[in-house]
Each structure stands twice: as C-alpha cells, then as structure tokens.
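Grab your viewer and work through the exercises below. Each one sets a task, then walks through a solution.

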Amino acid sequence: QVQLVESGGGVVQAGGSLRLSCVASGRSFSTDAMGWFRQAPGKEREFVAAISYRGLNTNYADLVRGRFTISRDNAKNTVYLQMNNLKPEDTAVYYCAARPVYSFQGDNYFDDTHEYDVWGLGTQVTVSS
C-alpha cells in the first residue's frame with residue numbers, strides 16, 4: 001500500500017509563494033498518476049492540479065492556472081506544487097493523491113477525487129490579506 005506525506009504548508013501573505021511536496025512510499029511511484037486537491041472549511045474537496053505518471057501531461061483548475069505549477073521527480077518519489085501569487089481564497093488544506101495507471105490508459109492525468117485510491121493527510125496553507 002502506498003503512503004503519501006505532504007509538507008511545505010504554512011502561513012504566507014497574499015502575493016507570496018509556497019512549494020508543497022508530497023513523498024510517496026510503498027509501491028511503484030513512477031507508474032502512478034498524481035494529483036493535488038484542496039479543501040477549505042465548509043467546502044467540498046476540489047481539484048487543483050494533476051500530472052501524468054511520466055510527467056509529460058498536466059492539468060490545472062481554472063482558479064489556479066497560471067499561478068500554480070505541478071511537477072514530479074520519479075527518482076525521488078516526490079511530486080511538487082509550486083504556488084505563486086497566492087490569494088486569501090487559496091487558504092485550505094492541500095492533499096496529495098495517487099492512483100495506478102494501467103497500460104490502456106496511456107500517459108494521462110486525472111482530475112476527479114473518485115479516480116484516486118490513496119490520499120495523504122494534508123498540509124495547511126493559510127494566505128493572509
């Protein structure tokens with residue numbers, strides 16, 4: 001069973017930057033598609049960014065496109081989320097998620113919570129105005 005551990009959250013002023021990391025262990029990370037999601041108090045968990053297992057394909061939520069960048073280093077079993085120009089509405093707990101990719105699915109990303117089978121415990125991001 002794969003385990004995911006997020007880090008890098010914190011408190012930052014609006015306009016600032018943070019880089020989240022998610023380290024995976026327990027199964028072959030290099031054949032897992034990865035995603036970042038977030039959940040604010042009183043709201044449902046929402047998609048932020050996704051990356052294919054080879055790292056060649058990515059997708060972003062409209063609210064973060066152009067400000068956030070997802071990347072991965074398969075040699076380090078780590079996926080990153082670089083967040084720039086942060087806004088107060090980005091405040092949330094950010095979760096890393098993983099799912100295996102089968103050969104017929106190709107090098108695709110996945111942006112639905114139901115498509116992931118493993119989740120980290122999350123890291124808090126707070127953006128002050």
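Trp-36 sits in strand E4 (helices, H or I with at least four residues, and strands, E with at least two, are DSSP runs numbered from the N terminus). Before going on, note that this is a predicted model, where local features need pLDDT of at least 70 and side-chain atom pairs count only at pLDDT 80 or more, while totals for chains, interfaces and linings use all residues. Residues are numbered from 1 along each chain as its sequence is written, and side-chain values use heavy atoms, with hydrogens and water left out.

**Exercise 1.** Work out whether Trp-36 is buried or exposed, and do the bookkeeping for strand E4.

*Step 1.* Trp-36 comes out at 0% relative accessibility, so it counts as buried.

*Step 2.* Now widen the view to strand E4, residues 32-39: 7 of its 8 residues are buried, so the strand is largely enclosed by the rest of the structure.

**Exercise 2.** Find which strands pair with E4, and in what sense.

*Step 1.* Two strands pair if DSSP finds at least two bridges between them.

*Step 2.* E4 and E9 pass that test with 8 bridges, in the antiparallel sense. One place to look is Asp-32, whose bridge partner in E9 is Pro-100.

*Step 3.* Strand E5 (residues 46-51) also runs antiparallel to E4, joined by 5 bridges. Here Met-34 has Ile-51 of E5 as its bridge partner.

*Step 4.* Look at the connection: E4 and E5 make a hairpin with 6 residues between them, and Gly-42 in the turn has a positive phi of about 80 degrees.

**Exercise 3.** Locate the disulfide and describe its geometry.

*Step 1.* The criterion is a pair of cysteine sulfur atoms within 2.5 Å. The structure holds 1 disulfide.

*Step 2.* That disulfide joins Cys-22 to Cys-96, with 2.1 Å from S to S.

*Step 3.* The torsion about the S-S bond of Cys-22 and Cys-96 is about -80 degrees, so the disulfide is left-handed.

*Step 4.* Cys-22 belongs to strand E3 (residues 18-25) and Cys-96 to strand E9 (residues 92-100), so the pair ties together parts that are 74 residues apart in sequence.

*Step 5.* The C-alpha atoms of Cys-22 and Trp-36, 14 residues apart along the chain, are separated by 9.3 Å.

**Exercise 4.** Sort two aromatic pairs by geometry: Phe-37 with Phe-47, and Tyr-102 with Phe-104.

*Step 1.* Rings of Phe, Tyr and Trp (its six-membered ring) pair if their centres lie within 6.5 Å; planes under 30 degrees apart count as stacked, over 60 as edge-to-face and the rest as tilted. The structure holds 5 aromatic pairs.

*Step 2.* For Phe-37 and Phe-47, the ring centres are 5.8 Å apart and the planes are at 70 degrees, so this pair is edge-to-face. The pair links Phe-37 in strand E4 to Phe-47 in strand E5, 10 residues apart.

*Step 3.* Phe-37 is buried at 0% relative accessible area, and Phe-47 is buried at 15%.

*Step 4.* For Tyr-102 and Phe-104, the centres are 6.4 Å apart with planes at 5 degrees, so the pair is stacked. Tyr-102 is partly exposed at 48% relative accessibility, whereas Phe-104 is exposed at 71%.

*Step 5.* Follow the ring pairs onward: they link Phe-37, Phe-47, Tyr-116 and Trp-119 into a cluster.

**Exercise 5.** Find which residues other than glycine have a positive phi, taking Asn-77 and Asn-85 as your cases.

*Step 1.* Asn-77 has phi near 55 degrees. This residue lies in the loop between strand E7 (68-73) and strand E8 (78-83), and is partly exposed at 28% relative accessible area.

*Step 2.* Asn-85 has a positive phi of about 50 degrees. Its loop is the one between E8 and E9, and Asn-85 counts as partly exposed at 42% relative accessibility.

Note on methods:
Buried means under 20% relative accessible area, exposed over 50%, partly exposed in between (1.4 Å probe, protein chains only).
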